[in-house]
Amino acid sequence: MKVRKLLMIIAVAASLVFLAGQVMAEPITINWWHAMKGARGKVVDNMIKVFNDSQSDYVVVGTYKGNYDETVNAGVAAYRARKQPHLLQSFEVGTQTMMLSGAIYPVYKLMKDEGYNINWKGYLQPVLSYYMNANGDLMSMPFNSSTPVMYYNVDLFKKAGIPMLDKTTPVTWDELGKITAKLVKSGVPGGMVTGWQSWTQVENYSAIHNIAFASKANGYEGLDCELLINNPTVVKHVAMLKKWMKDGRFFYGGQKFAGPKAEFLAQNAGVYGIAAFMKHLGRQDMQIYWHKNTGYFPITLAAYEQLKKDGYYKEQPYQEVGIKQLTRKEPTKVSRGLRLGYFIQIRNIINEELELVWNDTKTPQEAMDNAVKRSNQQLREFEKIYK
Amino acid sequence: MIKRSVFSSRTLPYLLILPQILVTLTFFYWPAVQGLIQSVMRSDPFGQHSTFIWFSNFTALFTDPLYLKSIGITIFFSASVATVSISIGLFIATMANRALKAKAVVRTMLIWPYAVAPAISGILWLFLLHPSYGVVALAIKRWFGVDWNPVLRGSDAMFMIVMASAWKQISYNFVFFIAGLQAIPKSLIEAAAIDGASPFRRFRTITLPLLSPTLFFVTVMNIIYSFFETFGVVHMMTQGGPGGATNILVYKVYQDGFIGLNMGGSAAQSIVLMSLIIGVTVLQFKYVEKKVQYTG
C-alpha cells in the first residue's frame, strides 16, 4: 500500500551560519528535533549514541519536541528566529509545504554534494516514492514509515465460530462485512473500529484501489490539482461503512489522527556530518535494530533481506505483514503518495465531513462533495502563496 | 483625595516603570504588531514567500461559512458557560453565606476547583464523560439507557465542554458573589424580614440589585474566560469535533495557524479576537469600574 506515514526531510537554512568561533578540534554539534517519545525515543537515542561513538568530528543531539504537529511547528518557529535545528522530523502531510519552503536541503542533493553515492534502488521503493519530487529525486529521508494493518481478536472469532483468516490472501471489504456481521450476531457490541479515518479509509483505500485522490497525479505534477474523493468508489465505501454503523458492524471511536512522520531541517554547519548521520541511519544494522524495536519499516531492501535470512519473520510473522502489504504492488502515479498543500487542513476537513456522515447530518455523497469543495479552496489558497 | 507621591528626580519614575514597559513591549506589543503584519500577508510557514494582500484574509474569513459557524458556536458556548457558572455560583454563594457551621471549611472547599488548570479540568471531566472509559458515561448508559456519545454527537460534545469549562469558573464566581453578599448590610435584610418579605422576595428586591455590579463584573469576566481561556478544555476533550461542533474561535486560530500552518488566515482571526477583547475591556472599564464604587 502506498501510504506510509513517516519520513524525514533534510533541510538547510538559506542563511549562512558562521563557524568563525568554532575551534577545529571541537566536534560540530548537529541538532536533531524529533517526535519519538517513550520506547521509540530510547531506540532513537541508541541509534544516535552508536553514531556519536563511531567518530569524533560530529555530535548528534536528539531532542524530543512533542508530537508531529508540535515538532514541525517548533521547526517553523525556530527557522523564523534563525535558530533552526539541522535535522527535523516531520510527517507526510507536511511534505509539500516542506518541499516548497526553500528551507530544506533535499536529501538526494545533500548526499551527492557530500560525496555519498547512495544506491537508492536498494531502498523500499514504495516508501521512497512518497518523498520524491516529480523528477524522482528523493527530497526527504524516510525514517519511521508505516502502513495501516488491521488486527482482529482471535478469541472473539473463535467464540463466534469464525474460521481464522488465511495468512496469505488479503480479506476484501465484502468478506469483512460478512465476518463482522457474524461477530455482531454472536453478541460482540461492535464489529470493527478505525482510527485515522481519513488516512485509512480514504487515502489508503484510494491508493490500494489505484484511484486518484487528487488530479495532477495526486498533486505531484502541479499545485493546480483538485481533490477527486467524491468519486463513486470512495462514496460507496463511505456509504458501506455508514450502513455497517447502523447494524453495529462498524463504530466510530474518535479521530486521533496524529500521523507519524519525520522531516529534517539542516543548517550549512556541518552538512557533511548530517550526510554521515543519514547514512548511518540507513545502515543495515541500524535499520534492523529500528524495525525490530519499533515496528516501523526497515527502509533498505538489504536490511529486509537480512531479516528474512535470519529467520526473524519466522519468529515474528506479524512484523512482516505491513511490509508485504506495502510491497505487494508497484506504486503507480496515483498510488505512490499524495502531494497536497495544506494537507493537514484537508485531512481535518475529511475527518469533519466523515463525522457528519457518522452522525446522520449528511449523506456520504454530500459529505464527500463538500470535502472536495472545501479542500479545493484550501488548495487554491496554497497555490497562491507560491505564484 | 488621591495621594500623590512626589519624586525629586525626573528620571526615577521612568526607570521604575521601565521593567513593566519592557515586558509589555516584548510580550504584548511586539507579537501584536507581528500579528497585524501577518494578517495582511499571504505567506508560507517559513516566511520565504510573502505577498501583501491588503484585507483579503479578513474578507475570506467573513465570507467563510465555517468561520461564521464558529462565531455562532462561540457565542452559544460562551453564553452557556456564563449562565451555568453564574447561576450555580450565585446559588452556592447564597447558601454558603447562610451556612452557620464550618463556614470557612465549606468556602475553602468551594474555591478549590478554581486552582485547577482548564486542561486538567478537561481531562478530569473526560474521565467521567468519555463514551469509552468515562465512569459517569458508562453508568448512565447501563442504568438509564441514555445514548450518550460526545465523540459522535455535537450537542453531547458541546454539553461536555460547557460543563468542564463552567465547573472551575463556578468557584471564581463564588468568591466574588460571597464577597458581594457580605457587603450587603444585614440590617436591610432583617428589616425586610420583619416587614414580612419572603426569603425569595428579599433576595429579588434587596440582594440582587445590590449585587448587580458584581454580577456585571462577573459576567464580563466569564465571557472573557469562555472566549479565551477554554482552549485547554477543548484541546483535551474534543479537539473542535465532532464535525466542527465545538470549534470555538480560539481553537480555530490554533488549528489553522499551528496545525494547518496557514499563517495569514490565522493571524487575521487573532486580530479579530484581539479587537473583540479590546472592546470588552473598554466596556468593562467604562461601566464596571464606575459602578464598583457603589458597593464600597
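Into which domains is chain A divided? Hi everyone, let's start there. Chain A has domain 1 (6-147 + 259-327) and domain 2 (154-195 + 197-256 + 341-385), with bounds that come from an automatic or database domain assignment.

A word on the model before we go on. This is a predicted model, where local features need pLDDT of at least 70, side-chain atom pairs count only at pLDDT 80 or more, and totals for chains, interfaces and linings use all residues. Residues are numbered from 1 along each chain as its sequence is written, while chains are lettered from A and ligands numbered from 1 in the order in which they are written.

Back to the two domains. Five residues of domain 1 of chain A are in contact with eight residues of domain 2 of chain A; contact here is two C-beta atoms, placed from the backbone, within 7 Å. On the domain 1 side, two of the residues are nonpolar, three are polar and none is charged. For these classes, Ala, Val, Leu, Ile, Met, Phe, Trp, Tyr, Cys and Pro count as nonpolar, Asp, Glu, Lys and Arg as charged, and the others, Gly among them, as polar.

Strand 2 of chain A is largely enclosed by the rest of the structure, because five of its seven residues are buried. Buried means 20 or more other C-beta atoms within 10 Å of the residue's own, all placed from the backbone.

What does strand 2 pair with? Seven bridges join it, in parallel, to strand 3 (residues 58-64) of chain A, and two bridges join it to strand 4 (residues 87-91) of chain A, again running parallel. Pairing takes at least two DSSP bridges. Find Trp33(A) on your screens: its bridge partner in strand 3 is Thr63(A), and in strand 4 it is Leu88(A).

Next, the cores. The largest nonpolar core has 98 residues, and Val107(A), Ile229(A), Phe277(A) and Met278(A) have the most contacts inside it. Such a core is a set of buried Ala, Val, Leu, Ile, Met, Phe, Trp, Tyr and Cys residues joined through C-beta atoms within 7 Å. Helix 16 (residues 343-358) of chain A gives the most to this core, nine residues.

Finally, the contact between the chains takes 27 residues from chain A and 23 from chain B. Helix 11 of chain B provides the largest share of the chain B side, three residues.

Definitions and conventions
Helix = DSSP H or I, 4+ residues; strand = E, 2+ residues; numbered from the N terminus. Buried ≥ 20, exposed ≤ 12 C-beta atoms within 10 Å, placed from the backbone.
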